[in-house]
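Here are some brief notes to read alongside the structure. Please keep the model open and find each residue as it comes up.

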Amino acid sequence: VSTVSQFEENTARLLLFKNTDSDPVVEGQDFVVHYEIINTGTATAQDIEVSDRYDPNSFDTRHNINGEGNVEFRLLELAPGEKASFNVTAQPKLYGMYESTRAKIRYGTGAVEIEGVEADVRSGFSTSLGRIKIISVGEYERSISYNIKEWTLFSVIFAIPTLIPFLLWRATNAASARIAKQKAN
């Protein structure tokens with residue numbers, strides 16, 4: 001019984017997080033997904049493999065994705081308490097709702113291989129991005145053009161009450177300077 005508890009205490013446990021800062025996700029623009037692996041165990045994880053997939057009919061591949069839409073990341077080892085991360089960049093070809101897949105992770109736990117017993121290999125899944133709304137370029141431009149129209153209107157409305165007193169002061173100041181110059185002559 002004590003051998004089993006010692007084995008369980010000295011093992012690697014990896015967590016795989018998948019997230020994105022791309023907000024909003026726009027058709028034809030970069031969509032960056034960040035993967036982070038954390039070893040919360042007490043042993044070094046070995047032969048770590050992370051795989052994920054992006055449908056090549058829906059996404060153009062940019063960075064860390066092969067032509068078939070597969071993401072493959074390999075790491076030889078990850079010590080206890082350490083983190084490793086990588087990014088994937090794709091460009092959505094279509095707009096609409098995208099249901100994110102979960103990435104798969106497979107790794108050796110670092111358990112000592114006993115004669116006749118294979119080393120412990122574990123696998124798991126990442127967190128999910130959930131449902132992501134990919135908006136069209138037209139919708140994105142409409143959403144930011146509202147701010148441009150708003151700020152232009154604000155500038156015009158703000159300029160009128162600011163410029164009128166300035167122009168009156170300038171005219172008065174110029175007239176006062178002319179009168180003072182005439183009195184001096």
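1. Start with a term. A residue counts as buried when its relative accessible area is under 20%. Bear in mind that this is a predicted model.

2. Apply that to K18, which sits in strand β1. Its relative accessibility is 3%, so K18 is buried.

3. What does the side chain of K18 pair with? It makes a polar contact of 3.3 Å with the side chain of S100. A polar atom of the K18 side chain also lies 2.6 Å from the backbone oxygen of T101. Beyond four places in sequence, K18 touches residues including V33, Y35, D52, Y54 and L129.

4. Now look at the largest nonpolar core, with 28 residues. F31, Y35, I37 and Y54 have the most contacts inside it. Strands giving two or more residues to this core include β1 (14-20), β3 (31-39) and β4 (45-53). In soluble globular proteins, nonpolar side chains tend to be buried together.

5. Leaving aside neighbours within four places in sequence, its contacts include K18, F31, Y35, F59 and Y98.

6. T11 lies in the loop between α1 (2-9) and β1. Is T11 buried or exposed? With a relative accessible area of 2%, T11 is buried.

7. Finally, turn to the surface. V156, I160, I164 and L168 form a nonpolar patch there, with about 390 Å² of accessible area together. V156 belongs to helix α2 (residues 137-184). Its relative accessibility is 48%, so V156 counts as partly exposed.

Methods
Residues numbered from 1 in each chain as written. Predicted model: local features only at pLDDT ≥ 70, side-chain atom pairs only at ≥ 80, totals over all residues. Heavy atoms only, no water. Patch = residues over 30% accessible without salt bridge, like charges linked within 9 Å, V, L, I, M, F, W, Y side chains within 5 Å. Areas by Shrake-Rupley, 256 points an atom, 1.4 Å probe, with all protein chains shown as cover. Salt bridge = Lys/Arg side-chain N within 4 Å of Asp/Glu carboxyl O. Helix = DSSP H or I, 4+ residues; strand = E, 2+ residues; numbered from the N terminus. Buried < 20%, exposed > 50% of the residue type's maximum accessible area, 1.4 Å probe, protein only. Core = buried A, V, L, I, M, F, W, Y, C linked by side-chain atoms within 4.5 Å. Contact = heavy atoms within 4.5 Å. Polar contact = N/O pair within 3.5 Å; in protein donor to acceptor, adjacent residues only side chain to side chain.
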